[in-house]
Amino acid sequence: MECRDCRELIISFSSGDLPSSGRESIEAHIGECPECGLYMSQSAGVWNLLDEWREIEPRGDFVSSFWDRVSREEREPAWGVLPRLRKLGLSWTLAGALASVLIVGIFTFALFKPDSGFMTYADNDARDEQILLELDNATTRETTDALSIYGPWENSVQIMKINGYGDMN
Amino acid sequence: MDIDIELMLRAKSGDDGAFSELMRRHYRGVVNYIYRYTNVKENSEDLAQEVFLRIYRSRKSYRPEAKFSTWLYKIATNVSLTHVKKKNANLSLDEIYDEGGEVGDPEIDVADDLIYRKEIKDVIFQAMESLPEREKVAIMLCKYEGLSYEEAARVLECTVGAVKTHVHRGRMKLIDRLKPYLPGGGEYGM
Ligand SMILES: [Zn+2]
């Protein structure tokens, strides 16, 4: 057995996950390879060392302060556009669709409005368009966030890729 | 039926008491997971509440397709990661170096057992911080949260074999970085 193979199997060996044939070849290798023997004791040692980082004791009122937070957040006035949409009970898909319809509507209106020619980017229109584009972007973002926790996990592959979990090397 | 899934389904149908019970079963683990992930005790309860808040807000769309704990730790990982990134973005380079820089000279620390006791968690944190994210999360889930390789694989969305590899590689690096703290911490070749 190669040292490299031996070390890969040592965790399974220590946790008793190996069949007896595997255990025997590791024991045989360790018997004649002091370096792997040292690695095995250090592997167990490092696992035990991690226990030195003790747990903390959370506050006893975690659950009640959670509910306080929920009712506090429910009482807070909904200032932004998104919380207002939430209050209206619009689904994100519907909100996204509405935003898109509004954007298309503004363009169409700007194009066909009498005496406006192609003044799509009059100050007011440009401002409205900007607001709607932002709403649209925010909606897409929020939808992604919301879907990520609806579990298990329609768009999780994408999310895990963002977080760097999607591939392994 | 799995008790967590049963509680979550009751919460879905409007039973807040069931959600409280669910939190009582898991908040200690989540708080400690976040604490070890961020190494900031003060924030960990707030962030743990954020985790449960996200679950609570999306309870209506809950589908019992996976073990609740894997969902929970996946959200806890995302919340912790976001917090760490946000925090690092607000730190100057010097501050980042101070907080998460090289592991100090342990030979000196070990000489004083009191300092060793006091600092060991920071040393472990820094060693864990230096691991690739997946190795760190795999070790935290398997070592500290007691998840099986199968459950950790679901959290990390990879195969069981990949989790074993992450744990193995991470452990080898930890041995290297924490060697002076290990009994008989000599050299070994590869
Ligand atoms: Zn060997």
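This is a predicted model: local features need pLDDT of at least 70, side-chain atom pairs count only at pLDDT 80 or more; totals for chains, interfaces and linings use all residues.
**Chain A as a whole**

Begin by selecting chain A and colouring it by secondary structure. The chain holds 8 helices and 0 strands, and its order along the sequence reads α-α-α-α-α-α-α-α. Colouring by accessibility then shows that 35% of the 169 residues of chain A count as buried. For the contacts in chain A with a separation of 6 or more, residues 24 or more positions apart account for 47%.

**The zinc ion**

Next, select the zinc ion together with the side chains around it. Which residues coordinate the zinc ion? The donors are A:Cys3 through SG, A:His29 through NE2, A:Cys33 through SG and A:Cys36 through SG, at 2.1 to 2.4 Å. Angles of 101 to 115° among the 4 donor atoms make the site tetrahedral. For reference, the ideal angle for four tetrahedral donors is 109.5 degrees. Along the chain, the donors of the zinc ion follow the spacing C-x25-H-x3-C-x2-C.

Now keep A:Cys3 and A:His29 and show the helices that carry them. A:Cys3 lies in helix α1 (residues 3-14) of chain A and A:His29 in helix α2 (residues 20-32), so that this pair, 26 residues apart, links distant parts of the chain. A:His29, by contrast, has a relative accessible area of 8% and is buried.

**The contact between chain B and chain A**

Zoom out and display both chains. The contact draws 76 residues from chain B and 50 residues from chain A. The area buried between them is about 6,300 Å², and carbon and sulfur atoms give 61% of that area. On chain B, select B:Gln49, B:Arg134 and B:Arg171: together they supply 12% of the area that chain B buries against chain A, more than any other three residues.

Polar features come next. Across this interface there are 6 salt bridges, and 17 residue pairs are in polar contact between chain B and chain A. To trace the side of chain B that touches chain A, highlight the elements of chain B that give two or more residues to it: α2 (16-38), α3 (41-57), α4 (68-89), α7 (113-129), α8 (133-144), α9 (149-156) and α10 (160-178).

**A:Arg59 and A:Asp61**

Select A:Arg59 and B:Glu45. These residues form a salt bridge, their closest N and O atoms being 3.5 Å apart. A:Asp61 is found in the loop between α3 (34-49) and α4 (62-75) of chain A, and its relative accessible area of 34% makes it partly exposed.

**B:Glu151**

For the last stop, select B:Glu151, which is placed in helix α9 of chain B. Its relative accessibility is 15%, so B:Glu151 counts as buried. What does B:Glu151 contact, leaving aside its neighbours within four places in sequence? The residues are B:Lys67, B:Ser69, B:Thr70 and B:Gly146. With B:Lys67, the side chain of B:Glu151 makes a side-chain polar contact of 2.4 Å.

Note on methods:
Residues are numbered from 1 along each chain as its sequence is written. Chains are lettered from A and ligands numbered from 1 in the order in which they are written. Side-chain values use heavy atoms; hydrogens and water are left out. Donors are N, O and S atoms within 2.8 Å of the metal (3.2 Å for Na, K and Ca); water is not among the atoms, so sites may look incomplete. Four donors count as tetrahedral if all angles lie between 85 and 135 degrees; four count as square planar and six as octahedral if opposite donors are over 155 degrees apart and all others between 65 and 115; anything else is irregular. Helices (H or I, at least four residues) and strands (E, at least two) are DSSP runs, numbered from the N terminus. Buried means under 20% relative accessible area, exposed over 50%, partly exposed in between (1.4 Å probe, protein chains only). Contact means heavy atoms within 4.5 Å. Buried area is the accessible area (1.4 Å probe) that two parts lose on being put together, summed over both. A salt bridge is a side-chain nitrogen of Lys or Arg within 4 Å of a carboxyl oxygen of Asp or Glu. A polar contact is a pair of N or O atoms within 3.5 Å; within protein, one must be able to donate a hydrogen and the other to accept it, and residues adjacent in sequence count only if both atoms are side-chain atoms.
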